[in-house]
Amino acid sequence: MQGEINGLKTLILKDNPSAYCIHCFAHQLQLTLVAVAKKHYDVNQFFDIVANVLNIVGSSFKRRNMLREDQAKKLEELQVLGEVHTGSGLNQELRLQRPAITNDLNIALQRKDQDIVNAMKLVGFAKRQLQVMRESKWESLIDDASSFCSKHDIVIPEMDKNYHLGKSKLNFDAVNSNLLLGMASLSPDNSFANYDKDRIMKLATLYPHEFSGSKLEDLSYELDNYILFVKEDNDFSNLKGLGDLSETLVK
């Protein structure tokens with residue numbers, strides 16, 4: 001993909017120097033979560049161990065049976081002690097759960113018919129959920145994690161300690177953000193409710209081959225006329241997505 005001579009990215013840039021290459025959105029989200037998690041040594045080590053266990057156990061039918069037998073014995077012991085209860089749907093063999101808060105966002109970002117406006121809304125929604133967890137659910141989360149660590153003789157990390165974060169390179173930079181926000185501002189959904197002239201102007205500055213200094217000045221006035229025109233023209237009402245807008249503009 002990124003070969004300097006015959007890579008797809010190189011071939012595209014030869015044809016259009018203004019083209020921008022952006023990593024899959026879901027992949028960027030994954031890279032961000034992994035980078036943040038790996039800032040803490042113990043958390044990083046934990047997920048490495050879990051990955052190794054899944055690979056080793058999952059690759060062998062014999063190992064899976066041994067693990068099931070061992071788990072069944074432990075479950076019987078816990079039932080005798082009254083620490084677990086039996087019932088429909090309880091104590092089932094499960095894979096690792098997906099991160100709840102970001103799962104819907106991750107699924108949406110992998111759709112082939114990508115809706116940029118919807119994706120940006122989901123990003124904001126996930127951020128708000130994480131903030132709510134930080135403000136009102138953090139203590140209960142710490143209590144649950146601490147209880148689990150104590151029960152299994154795991155050293156509990158000192159949450160108030162300063163950790164060296166180091167540097168990590170994330171692909172979702174300012175250019176990517178301006179591209180997405182600018183495109184979202186062009187969306188015709190809900191009578192162009194997402195229109196934002198400043199964001200569209202930032203988007204235009206990313207394409208210097210198409211928009212010189214004088215053209216940017218013209219664009220500023222043209223956008224004022226554009227938004228008034230499309231909001232008053234019936235042909236532009238009830239459009240859904242940038243695809244519909246592009247087709248209508250061509251017509």
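1. The crossing of helices H9 and H10 is right-handed, a label given when the near helix is turned clockwise from the far one by less than a right angle, with anticlockwise giving left-handed. Their axes come within 11 Å and cross at roughly 145°. Axes here are lines fitted to C-alpha atoms, for helices over the stretch in contact, and angles run from 0 to 180 degrees between N-to-C directions.

2. This is a predicted model, in which local features need pLDDT of at least 70 and side-chain atom pairs count only at pLDDT 80 or more, while totals for chains, interfaces and linings use all residues. Residues are numbered from 1 along each chain as its sequence is written, and side-chain values use heavy atoms, with hydrogens and water left out.

3. The chain has 11 helices and zero strands. Helices (H or I, at least four residues) and strands (E, at least two) are DSSP runs, numbered from the N terminus. Of the 251 residues, 20% count as buried, where buried means under 20% relative accessible area, exposed over 50%, and partly exposed in between (1.4 Å probe, protein chains only). The accessible surface comes to about 19400 Å², and 55% of that belongs to carbon and sulfur atoms. Such areas come from the Shrake-Rupley method with a 1.4 Å probe, and for residues only the protein chains shown count as cover.

4. Contact means heavy atoms within 4.5 Å. Among contacts between residues at least 6 apart in sequence, 52% join residues at least 24 apart. Where H9 and H10 meet, the H9 side consists of Lys197, Ile200, Met201, Ala204 and Thr205. The H10 side consists of Leu216, Leu219, Ser220, Leu223 and Asp224.

5. How many salt bridges does the structure hold? There are three, counting a side-chain nitrogen of Lys or Arg within 4 Å of a carboxyl oxygen of Asp or Glu. One of them joins Lys197 and Asp224 at 3.1 Å, N to O. This pair links distant parts of the chain, with Lys197 in H9 (residues 197-205) and Asp224 in H10 (residues 213-232), 27 residues apart. Lys197 is partly exposed at 21% relative accessibility, and Asp224 is partly exposed at 33%.

6. Another salt bridge joins the side chains of Lys74 and Asp70 at 3.6 Å, N to O. Lys74 and Asp70 are separated by about one helical turn because they lie four residues apart in helix H4 (residues 61-81). Lys74 counts as partly exposed at 45% relative accessibility, and Asp70 is partly exposed at 36%.

7. Asp196 and Arg199 also form a salt bridge, at 4.0 Å, N to O. Asp196 is partly exposed at 26% relative accessibility, as is Arg199 at 37%.

8. Is Ser185 buried or exposed? Ser185 is buried, with a relative accessible area of 1%. Ser185 is found in helix H7 (residues 174-185). Leaving aside neighbours within four places in sequence, Ser185 is in contact with Asn194, Tyr195, Asp196, Arg199 and Ile200.

9. Val43, Phe46 and Phe47 make a nonpolar surface patch of about 270 Å². Patches are made of residues with over 30% relative accessible area and no salt bridge; like charges are joined within 9 Å, and nonpolar side chains (Val, Leu, Ile, Met, Phe, Trp, Tyr) within 5 Å. Phe47 is found in helix H3 (residues 41-58) and is partly exposed, with a relative accessible area of 45%.
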